[in-house]
Structures are given as C-alpha cells and as structure tokens.
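I put the model up first and then wrote down what I looked up.

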Amino acid sequence: MKGLIWLTWRQHRWPIVASAVITVIFFVLMAITASDLGSMAAKCLTETADQCQRRSTEPVPSHAAYLMNSLVFLPVLVAVFWGVPLLAREFEQRTLPLAWSQDVSRLKWLAGKTAVMVVLIAAMGTVLAAESEHLAYQYHAYTAASLFEGTPFQAGGWLPLTLGLAWLAVGIAAGAATRRVLVAIAVVGGLWIVRMVAIVKLRTQFMTPVSVIKPFQIGKANRSGPPVFTFSNDMGINNGNPVFLDVHGGTHSPAQVMDGWCGSADDVNACLQQHGIVGSLVKFQPASRMGTFHLIENGMNLGLFVIALAVAWWCVKKTRTTVV
Amino acid sequence: MSGVAIETTGLGKRYRSLWALKDFSVSLPANKVIALVGANGAGKSTLMSIAAGILPASEGEIHVDGRVVLLSQEKPLYRSFSVSDMLAFGRHLNRVWDQQRALNWLARFDIPLDRPCGKLSGGQQTQVAMSVALGARPSVLLLDEPLANLDPVARRDVTGELLAEVADSDMTVVLSTHVVAELAGVGDHLLLLSQGHSKLDGDIEDLLAQHARLIGPRAAAPPVEGEVVQEQHTERQSTFVVRTLLGADTPVAEPWKAQPLTLEDLVLAYLKPNRSLGEEL
C-alpha cells in the first residue's frame, strides 16, 4: 500500500496540492463570512426591523451565497481533475501494461489508488462540509432563508462530502469506460447536468408533502391580496406558490386567480369572495424532515459512489492490455 | 519443475472466434535465452501475457518457475517521471528490487537519471524500461519485441549485455521477435510459433545440427530419408531443406551437395518456405 500511496502522490500531486490550497482558501473565506454573518445576526436582535433589513442582497450574505454555490460545484471538478485521469490518462499514454505487470495486480492497483484518493477527498470534503454547514446556519440566522431549500440545503447535512466522493467515483468510472480524457470529461459534464436537473425535481418528492388548508380571513387583514404564508426552514412545493381553494373544494392555480380573475381588480379580497375563493392549499416539506432528506440524498450519493466504483472495477477487470 | 522455466499443457487463448493460441504444449528450459519467433499474429504476445499473468488463458495450464517480468513491445514509461522516478516506481511496486542492478544497466548506456522519460530518445527509453525490468530481479524475463526501435549497433549492445546478465544470474530470458536477424548469436533455445501452434521447439545447436540444405539436379524428392521442411525447384535444379539425424553431415551421392543452415535460414524455411532468405517475416 505504501508503494501505491507513493505512486498516487507522484502521478496526481498537482491536483492534490491545488485541491488542498482550494480547500484552505474556501475554509478561510467561509469561516470569515460565517463570522461576519453571525455578528450581523446578533446585532439585528438589538435593532428594529427598519434598522435591520436582513436582505440577502447585502454584500456579506451575497458573498456567503456565492461561496455556497461555488462549493456545490466543486464535486464536478473533483471528477474531472481527480477521477477521470486515474484511468483515462493511463489508457491514453498506454502505461497500464507497465503498471499492471509489476507485483501489484490490476485490481489491487485500482483499489489502492482509489483508496488514497477517497481518503484525501474525504478529508478535504469533511473540512469543507463542516464549515459550509456552519455558514449555511449563519446565513439562515441573518437572512431567514430556509435551510431546507436551494443552496443552503445542499451546503448542509454533509452533502458536499458525499457528493465529492460520488463524483470522484463517477470520474474514475467515466475514464475507465471511455478510455479517453476529453470524452470522459464530456460524459461527466453531461451526467452532472442531468443530475442537477433531476435532483431538483426529485428532492421535493422524497416524501409525500404535507398539505395545509389556510382559510382567508377576509375583512380582518388590512392588505390587498391573500396573506403570505411563510414556514421557516420548510421546503415549499411549487416554489412556495399556494393553490387557491373554492367553496366547493375545487383548486385553482395562482395564475388563474391572481393573473386572470383578480389581476386587474381594485379590491382583490372582494374579487376572491366573488369567485368563491375561501382559502389556499399549501404543500410543503416540514423542517422536521430536513435531516431525513439529507440522509436520503447522502444515501443516493453513496449509492452512486458504490455503483460507479463497481463499473470502474468491471472495466479494469475486462481490460485487455495486450495484442494478439 | 527443476530446470524448466515455463511449461504449458494444452494451453489455448481465444479472442471471440479467433484462437490466438490453440492446444499449445511446450517445456522451456531455465537459465537460457529462449528465442520466441513467429510472424505478426502468431501468438507470441499472447503467450507472453499469459505467462506474465496479465491475461487469463481460455483453456489449458501454464506453470512458470519463479518471478516473471514482462517488458512489452511498447515499452511504456510515465513520460513525466524522471529516470530516478521510474526506478522508485519499480522499487515501490515490486516485492523484490535490486536498485544497483538497475543503476548498473543505466550506467552502461549513459542514461541521465534526472531527465524526464518523455525527453529521452526511443533507444534511451528502451534502456530505462530494461533497467526497471531487470531491477525487479525476475526469474523469467519476458521481452516482447523490445529491440525493434534500436539501431543495429545498439541492438547488439543490448543483447550482449543481456547475455552477460543471464550468465551472471539464474535468470531465463524469453526474447520474442519477428525480425530473424536479431537472433544471430543470441538464443540458446528456439520456439517457433505459427498461427497459435508450436512449429519447432528445441536447443538451437541441436536443431541446426539436425537440418541441412540439399542442392542437386531437379528431382521430386531429396536423395536422403528425412522430413522435408522446404523445397524449391528451378528448371534444372532442386533445393530441399531436410531434417535428418546427421544434418549437413548426412552423406549424399554426387552431384548432390549438403550444406549447413544458419538460424535465419532454418526459421525462414519453417515459416515462409516461398520467401527469399534474409527477408523479414
């Protein structure tokens, strides 16, 4: 194993060094930003609502969102710069017969080098995932943005760690299957886009959403339009837009009600009453499920990790390094 | 297995419908230089890869005595590694490693240790690959057409040094080639492959002593008993390559003449009987 540690370091030292530097930079920036957000949140507790706007567009929260968004994309870089070259570069440079004709078998070679990379990515991922969760909580504390939605959700619950491991394995598998660096990178890019689109749609369906009927208290609220229902740290379904409910139990989309029937009405409440709208049906995933959702997504990532490594193992096992 | 480096019994390797080796049974002696000869596609690389353990056989058995190292014809090296790094690679990935032996080989050919392999000439890269192979202290060193990109002088130097290594150790070298001219004065034992089968196998001196070229007036058969390996006829003359007990010492009646064969002649007679001598296979 010592030999494979040396070999992995010698062959991949620049990506390893660059990743370590990026990890330190990200950690420091996230720690400073989280500290600033914490101070701002604490200060807000002593200020009035007018003094403390809690806007996510302010420089510090914007910076935090930028850092968390960047962190979410690091796993694809892990796939491209760590995973893909592990096998694809060896195939391209035809060095596998050399590596596999020493006293280390090809499967031990794959297992050893992969293990070194997994340990390194796990170490860096643990550092970043811990600090990104801290940052997400401070971001939530200041902006009141839900931890169960969007970037704060992806930055928390150790998702950056498991996502990094999964995409390391995807990169290795893509390199093993395609045997070409550029082709493997294209495959990784395509899979990443598919994953991003799919997970946004899948995430809200991990568990059956909770539905709540909220009756309008027409005449009691001195405002135009329906009241806005907010659930701190809940995950809203349909981007948080409630469905309108009429007296017969029928549902109507916000576009039909607010843009169609009552879009140009002077008195929205009267308009809603006129059309029999008595309340709204709100669907959401309650904050209490956030840990479960993180577990599900971490499980998916680790499942992808195992499947991708199995694909790489199978490809290596089937590889012929000789000519007739 | 004493005295035997590699022994195969009914060995076969199939790539889809193509048999690269079929029903292949040989016994190759230890501490010798074995010349493995055959045309491209004869099954030389397949046999070596199976012997090295990097390719599973489809059928049959193979036993190799001791540690095996294969140096393939592409002589792959990590281009970004320096020569020293390549030696470190060999040291880290082999249970047995002789650093001094590897360094000695490089010193013989004046290979700079600090230069990246990608910046070495083709011949220098061959020497680095050879040093890594020798440093692993193999009992059996399989060289799969390793000298192809060397000029004749360098080729002779390398084979000379290899013979010295064999003489100084208990190593067996299997030297695969399809360039018959490479074999002169190198091999102790000949294994000739054709289309996945063994066509000729034995001690080179014994084989040469058992074969003769018979030249005489045009005739349908040679004037002596024996296996006709090759026959060529012109309008007035016939030439036979014959395997007999006495070879070129076989008494023949005038006007027939019996001549000894060179190793190159012998190989070509078995592999390409209709080609002119000296031609590459």
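I took helix axes as lines fitted to C-alpha atoms over the stretch in contact, with angles running from 0 to 180 degrees between N-to-C directions. Helices (H or I, at least four residues) and strands (E, at least two) are DSSP runs numbered from the N terminus. The model is predicted, so local features need pLDDT of at least 70 and side-chain atom pairs count only at pLDDT 80 or more, while totals for chains, interfaces and linings use all residues. Residues are numbered from 1 along each chain as its sequence is written, and chains are lettered from A, and ligands numbered from 1, in the order in which they are written.

Entry: helix pair in chain A. I found that the axes of H4 (residues 106-143) and H10 (residues 290-318) of chain A come within 9 Å and cross at roughly 150 degrees. H4(A) and H10(A) are therefore roughly antiparallel, a label for angles over 145 degrees. On H4(A) I listed A:Arg106, A:Leu107, A:Leu110 and A:Thr114, which meet A:Leu309, A:Ala312, A:Trp313, A:Val316 and A:Lys317 of H10(A); contact here means C-beta atoms, placed from the backbone, within 7 Å. By class, I noted six nonpolar residues, one polar and two charged in this contact.

Entry: helix pair in chain B. For H3 (residues 99-108) and H4 (residues 122-135) of chain B I read an angle of about 155 degrees, with the axes 8 Å apart, and H3(B) and H4(B) are therefore also roughly antiparallel. The H3(B) side includes B:Trp105 and B:Leu106, and the H4(B) side includes B:Met130 and B:Val132. The residues of this contact divide into six nonpolar, four polar and one charged.

Entry: interface. I looked up 24 residues of chain B in contact with 18 residues of chain A. On the chain B side, helix H1 (44-52), strand S6 (68-71) and helix H2 (83-93) each supply at least two residues, and that side has twelve nonpolar, eight polar and four charged residues.

Entry: cores. I counted as a core a set of buried Ala, Val, Leu, Ile, Met, Phe, Trp, Tyr and Cys residues joined through C-beta atoms within 7 Å, buried meaning 20 or more other C-beta atoms within 10 Å of a residue's own. The largest has 150 residues, and A:Val170 and B:Leu142 are among those with the most contacts inside it. Its largest share, 16 residues, comes from helix H2 (residues 59-93) of chain A. A second, separate core of six residues includes A:Phe244 and A:Ile277.

Methods: A residue is buried if 20 or more other C-beta atoms lie within 10 Å of its own, exposed if 12 or fewer, and partly exposed in between; C-beta atoms are placed from the backbone. Angles under 35 degrees count as roughly parallel, over 145 as roughly antiparallel, 65 to 115 as roughly perpendicular and the rest as oblique. Two residues are in contact if their C-beta atoms, placed from the backbone, lie within 7 Å. Ala, Val, Leu, Ile, Met, Phe, Trp, Tyr, Cys and Pro count as nonpolar, Asp, Glu, Lys and Arg as charged, and the others, Gly among them, as polar.
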